[in-house]
Amino acid sequence: MSASAVFVLDLKGKVLICRNYKGDVDMAEIDHFLPLLMQQEEEGLMCPVISHGSVHFMWIKHSNLYLVATTNKNSNASLVYSFLYKLVEVFTEYFKELEEESIQDNFVVVYELLDELMDFGFPQTTDSKILQEYITQEGNKLEVAKTKVPTTVTNAVSWRSEGIKYKKNEVFIDVIESINVLVNANGSVMSSDIVGSIKLKTMLSGMPELRLGLNDRVLFALTGRDKGKTVTMEDVKFHQCVRLSRFESDRTISFIPPDGESELMSYRINTQVKPLIWIESVIEKFSHSRVEIMVKAKGQFKKQSVANNVEVRVPVPSDADSPKFKTSTGHAKYVPEKNLVVWTIKSFPGGKEFLMRAHFGLPSVENDEMEGKPPITVKFEIPYFTVSGIQVRYMKIIEKSGYQALPWVRYITQSGDYQLRTNI
Amino acid sequence: MEWASQLCENRGLGSKMTDSKYFTTTKKGEIFELKAELNSDKKEKKKEAVKKVIASMTVGKDVSALFPDVVNCMQTDNLELKKLVYLYLMNYAKSQPDMAIMAVNTFVKDCEDPNPLIRALAVRTMGCIRVDKITEYLCEPLRKCLKDEDPYVRKTAAVCVAKLHDINAQLVEDQGFLDTLKDLISDSNPMVVANAVAALSEIAESHPNSNLLDLNPQTINKLLTALNECTEWGQIFILDCLANYTPRDDRESQSICERVTPRLSHANSAVVLSAVKVLMKFMEMLPKDLDYYGTLLKKLAPPLVTLLSAEPELQYVALRNINLIVQKRPEILKHEMKVFFVKYNDPIYVKLEKLDIMIRLASQANIAQVLAELKEYATEVDVDFVRKAVRAIGRCAIKVEQSAERCVSTLLDLIQTKVNYVVQEAIVVIKDIFRKYPNKYESVIATLCENLDSLDEPEARAAMIWIVGEYAERIDNADELLESFLEGFHDESTQVQLQLLTAIVKLFLKKPTETQELVQQVLSLATQDSDNPDLRDRGYIYWRLLSTDPVAAKEVVLAEKPLISEETDLIEPTLLEELICHIGTLASVYHKPPSAFVEGSRGVQHKRLPARAGSGESTESPDVGQSVSGVSDAPPAVIPSQGDLLGDLLNLDLAPPTTTVPPVPSSMQMGAMDLLGGGLDSLSGSHYRTEVPSPQPADFSERELGGDLGGSPAMGVGVGVGVGVGVGLGPAPVGMPAGLGAAPAVGGGLGDLFDLGGGVGMTSGSYSPPRVVWLQAMKAKGLEISGTFARRGGVIQMDVSLTNKAMSVMSDFAVQFNKNSFGMAPAGPLQVLTPLGPNQTVEVSLPLSSTGPVMKMEPLNNLQVAVKNNIDVFYFSCQYPISLLFVEDGKMDRQVFLATWKDIPSDNEAQFQIKDCHLSSDAASNKLQGSNIFTVAKRTVEAQDMLYQSIKLTNGIWVLAELRIQTGNPNYTLSVKCRAPEVSQYVSQCYELILKN
């Protein structure tokens with residue numbers, strides 16, 4: 001059904017640790033993995049699935065590790081990749097950084113986790129918060145009676161333990177919207193969308209029932225309410241704590257939240273948005289002599305708002321040299337290892353316009369290797385503002401002990417995949 | 001201090017006190033030292049030693065020698081130590097099966113430990129020890145654990161049943177574990193349900209015939225309830241299991257869909273894809289006019305789009321699946337073109353997949369945007385991506401006619417970049433554009449010719465040569481261009497050689513005066529100096545053709561080519577259906593059925609989509625399919641009135657151009673393209689006849705046309721050349737020019753060729769039913785009429801025997817038909833020349849036309865006939881096999897076939913069984929071809945052959961069929977698709993008659 005075995009390899013293809021779940025694929029097959037991958041890389045035809053005879057490798061890369069699952073069946077590939085990414089998530093929660101060293105330094109826990117995360121190729125409990133309740137290296141210190149299976153593992157509410165206590169009951173809600181924009185070289189917006197995410201930091205006692213109210217257009221239409229601005233969410237994805245069937249029937253977002261930090265939901269909005277920071281660029285390349293770059297950045301958002309930590313990254317040819325910059329504000333820096341000029345503006349008020357000029361020399365003997373046409377990318381953050389206008393109307397918190405709890409909401413808009421193609 | 005270091009270790013913060021220290025042990029006497037430590041009295045030391053052992057195991061050292069010592073550490077109340085020992089056991093038990101028995105007692109004991117964690121651990125590990133001897137000890141503990149009070153233990157035990165089944169299936173069955181597992185589907189805990197479902201699915205997969213997962217509405221309901229409560233992984237197990245269920249009717253289907261759709265909002269991409277699989281499959285059963293059907297379609301698009309923001313590997317899986325979904329139901333994503341635009345930082349595998357989908361979604365509405373994007377991509381640096389982008393521009397031109405001009409100019413712009421591989425790719429696609437829109441864009445030829453020298457890839461060279469040959473009359477220096485290629489003829493690839501040969505022959509036919517030398521040169525290069533049979537054959541055919549009848553040569557070589565189809569790379573419909581059932585799995589990523597890459601999956605049933613309610617297709621497994629005789633309960637045949645039939649006819653723009661030349665074998669590989677017949681403009685033949693070089697006067701002996709295809713091309717002299725029969729060429733061979741005296745003996749080639757026509761008077765003839773008595777003498781004042789029907793040489797004939805059983809002479813015979821479904825009518829009078837005396841019989845063949853008045857008959861193939869003689873008028877009705885109406889040019893182009901199959905709604909598909917037929921697929925194909933049922937393509941999956949066949953009726957209706965033949969199984973399965981579905985059953989009857997005759 002899914003994986004026969006899971007391997008963690010270093011960049012040279014050496015097995016750091018592995019777990020054979022089903023025993024139907026020869027564990028030595030993994031030796032073929034890296035040579036095949038190298039071959040694909042050489043041919044420029046990388047693919048996340050590699051097969052060798054009847055064995056199929058599904059792999060992902062994380063820092064200096066390859067995580068590989070093998071199978072000889074018609075496995076559910078999406079399940080395997082989801083699982084491998086989950087593995088990264090769990091290991092990262094346990095070891096802070098997942099890399100070669102942390103695997104070696106913690107091989108006993110890694111074995112234990114591998115044993116608990118998957119059984120006979122079926123993923124089991126993968127919630128790291130819950131796992132941490134019973135898979136620890138302090139286990140040996142505990143009395144037998146104490147190392148029990150947390151009932152949470154098999155509960156319908158498998159993401160929250162009972163008996164959590166806080167002196168002060170609070171929930172922090174972060175609404176974060178990322179703007180994805182793709183602008184053509186001639187300045188027309190090819191595609192744009194908003195990917196929003198609502199993150200929670202829950203500090204609530206007991207088993208609270210929460211209900212989140214948004215200015216969701218479909219909900220308003222359902223309830224016949226017609227007040228104020230509403231937002232149409234094209235697609236919504238929820239944390240498993242949210243009752244999906246309830247949402248499907250009456251658009252209510254109701255759930256028992258996981259303790260601590262979690263992403264409650266994400267949504268996608270298709271409406272065309274005006275790119276919040278508009279870039280006009282003129283890049284002139286005079287072969288064998290120089291490149292001249294002029295970039296104009298304009299804040300296309302409300303005057304009251306301010307974009308923070310704005311970075312405009314402009315690509316330059318790899319053989320460019322002797323940079324010279326002039327900026328009307330902020331500060332420009334050449335990053336030769338990435339072939340970029342990074343123009344940083346700490347604080348960028350709405351409606352303002354800034355300018356940057358850069359000048360590079362080019363060698364008289366040209367690099368004849370073809371170079372791609374990387375786009376200009378922009379990074380920014382605008383606090384206290386969502387571009388879609390989405391709002392948290394309420395967060396109802398009900399717990400049987402009847403405590404009063406306070407929800408705090410924060411809004412932020414940031415750049416996502418923000419690309420503007422250039423002529424050169 | 002101790003706990004602090006432990007904590008550090010746990011958090012991965014400490015660098016000194018971590019597990020990595022276990023990897024650095026002393027080298028000498030390592031095993032010996034470890035042995036001593038393992039047997040130490042101190043618990044702490046023991047644990048350290050076990051860790052060292054595991055560390056050695058991890059780096060691949062063989063520490064199996066320590067087996068007894070490690071097993072001795074097993075009895076401990078330290079959970080961590082226990083886990084390590086278990087881990088060791090899993091790794092080495094197989095290599096030390098006898099010693100593994102030592103561990104059994106502890107396992108059994110641990111299975112009764114008060115701590116559920118230990119019980120579960122024991123049962124989990126025992127299942128992983130794949131040693132036969134252990135399994136029997138496992139049964140009792142497993143039985144207890146399956147009924148454990150703690151759900152954690154039960155869910156672990158459920159999986160253990162699958163493990164044990166993998167080792168010893170018989171044991172599991174004997175012990176009744178399967179039933180216990182089935183009971184767990186009703187467990188109160190959702191996680192237990194999910195694991196039980198997973199285990200059962202796994203077992204069922206390896207034993208497809210066991211009726212393990214007998215899903216019924218009750219169990220389905222339980223699964224759907226558990227779906228709301230179990231973990232994300234459990235949801236996937238359940239959804240994948242649901243996908244195997246076939247709802248009884250559309251209402252059940254809808255109610256399951258309604259309960260599955262909320263899963264589309266799950267954050268886990270795998271849950272979403274598995275839900276999509278269930279919905280795509282069950283949707284098949286919903287009537288299309290149902291409101292819910294439309295709602296569901298709308299609900300599918302957003303989650304599919306959102307999958308594109310997942311991690312790149314998941315995006316890749318999603319894109320491969322979207323590729324399938326777009327082919328199956330293009331309407332879902334038709335407005336979502338933009339999301340497939342390629343981002344600069346996408347990995348290459350994502351880029352290539354996105355491009356594929358962009359082409360599939362390209363339409364008139366979005367073509368401008370698509371083209372702008374493709375042009376952008378074509379200037380990137382990644383060679384594979386750029387090539388594919390250029391190719392995509394060509395495909396857009398072919399797909400969206402309105403955009404062709406813009407595409408061509410975009411391609412020209414790209415050619416101007418002079419980037420070698422871009423130029424070559426552009427030329428290849430421009431050739432296709434010329435094929436699709438002949439005589440429209442030749443103005444670009446000049447630009448193309450400028451780039452002749454830079455072409456170094458065979459495909460590009462071949463394409464360029466084709467263009468030069470095709471438009472030779474408009475390129476002033478075509479002869480020079482082609483001649484330049486000829487110099488290195490033998491270094492070229494076959495593809496180029498073949499094109500060059502054809503192009504020069506075309507050139508010669510167009511500009512005969514200047515190019516005679518060139519054509520002789522290429523013919524001799526192809527026939528004398530080449531080892532390649534394809535090339536030689538084609539050379540000989542041209543040579544012979546040119547020498548015997550240049551008019552015919554022109555007709556053949558310069559014939560109008562059939563149009564190329566719009567959609568390319570379409571997946572065959574049955575495969576597509578199967579892949580839709582495998583959404584999310586490796587099969588959907590590879591676009592191959594699981595049987596193609598999973599060993600031991602032979603004989604596993606191919607998954608198919610369920611049939612829409614009310615259609616004639618069987619919903620059960622294939623062997624329950626309806627037999628021909630059972631078709632009568634198929635939906636009432638709503639016969640179209642005459643107007644409708646005509647309407648159908650007019651809609652059929654798919655038909656290949658009508659040919660004036662009898663069917664020429666398009667199944668021939670070599671030269672097929674040019675040999676296909678087409679419209680011809682006449683040519684003053686005499687002028688050429690004197691000039692055409694002929695290698696050898698042909699021998700027109702009346703030999704039977706035959707011989708097998710692909711035989712040696714160097715036939716002996718005197719083998720019959722059947723040109724006269726096939727093409728109707730004048731048998732006027734011309735003398736051989738002196739210069740060609742050494743030409744090899746030729747012959748036979750054409751005879752071989754025409755054998756494939758399969759049409760007229762060939763070995764396997766058209767099916768003709770046995771003679772039956774239509775009119776009994778008693779009912780017709782002594783006139784008995786019996787007869788049959790046949791199709792000969794494209795003419796339908798009614799063979800009638802008239803017997804006079806009366807005492808007086810009969811004369812003045814005449815015949816008339818009532819209006820009938822296919823407009824059959826006598827094409828001439830009933831030729832009974834002399835009066836028919838008593839006890840005399842006369843045999844008459846009455847030619848029939850199919851252009852008479854049309855009226856629906858019941859049954860469809862009924863014919864009401866009136867025969868008059870000097871005595872009276874007599875009426876009778878008879879039924880003809882519908883195969884009479886199958887015309888000779890009924891072979892559809894493969895691509896057109898695919899597109900048409902896809903286009904005909906699946907409501908129109910009907911499935912039949914043909915029982916007790918013992919022909920091989922090739923024999924069946926030949927036999928059917930005799931009756932103008934043409935095999936367009938053949939696919940073999942395992943031992944099953946699928947023949948894709950096309951039939952064209954006299955009224956222009958196309959019938960598409962898929963015949964599945966399994967070696968050793970005398971029952972064939974026939975699926976018939978037609979825009980006029982009421983003919984399907986008659987077609988199937990013909991299949992049965994033809995195959996068994």
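This is a predicted model: local features need pLDDT of at least 70, side-chain atom pairs count only at pLDDT 80 or more; totals for chains, interfaces and linings use all residues.
User: How many residues are in contact between chain A and chain B?
Analyst: On chain A there are 96 residues in contact with 112 residues of chain B.

User: And what area is buried there?
Analyst: About 9,200 Å² is buried between chain A and chain B, and carbon and sulfur atoms give 56% of that area.

User: How many salt bridges are found across the interface?
Analyst: The rule finds 10 salt bridges across the interface of chain A and chain B. One of the salt bridges joins Lys299(B) to Glu248(A), with the closest N and O atoms 2.7 Å apart.

User: Which helix of chain A gives the largest share of the side that touches chain B?
Analyst: Helix H2 of chain A, residues 77-95, gives the largest share, with 11 residues. The residues of the side of chain A that touches chain B comprise 40 nonpolar, 32 polar and 24 charged.

User: Changing topic, how is chain A divided into domains?
Analyst: Domain 1 covers 5-132, domain 2 covers 170-273 + 387-420, and domain 3 covers 277-383. Between domain 1 and domain 3 of chain A, the C-alpha centres lie 40 Å apart.

User: What about aromatic pairs; how many are there over all chains?
Analyst: The count comes to 30 aromatic pairs over all chains. In the pair of Tyr86(B) and Phe107(B), the ring centres are 4.9 Å apart.

User: Where do the two residues sit?
Analyst: Tyr86(B) is in helix H5 of chain B (residues 79-92) and Phe107(B) is in helix H6 of chain B (residues 97-110), 21 residues apart.

Definitions and conventions: Residues are numbered from 1 along each chain as its sequence is written. Chains are lettered from A and ligands numbered from 1 in the order in which they are written. Side-chain values use heavy atoms; hydrogens and water are left out. Contact means heavy atoms within 4.5 Å. Buried area is the accessible area (1.4 Å probe) that two parts lose on being put together, summed over both. A salt bridge is a side-chain nitrogen of Lys or Arg within 4 Å of a carboxyl oxygen of Asp or Glu. Helices (H or I, at least four residues) and strands (E, at least two) are DSSP runs, numbered from the N terminus. Ala, Val, Leu, Ile, Met, Phe, Trp, Tyr, Cys and Pro count as nonpolar, Asp, Glu, Lys and Arg as charged, and the others, Gly among them, as polar. Domain bounds come from an automatic or database domain assignment. Rings of Phe, Tyr and Trp (its six-membered ring) pair if their centres lie within 6.5 Å; planes under 30 degrees apart count as stacked, over 60 as edge-to-face and the rest as tilted.
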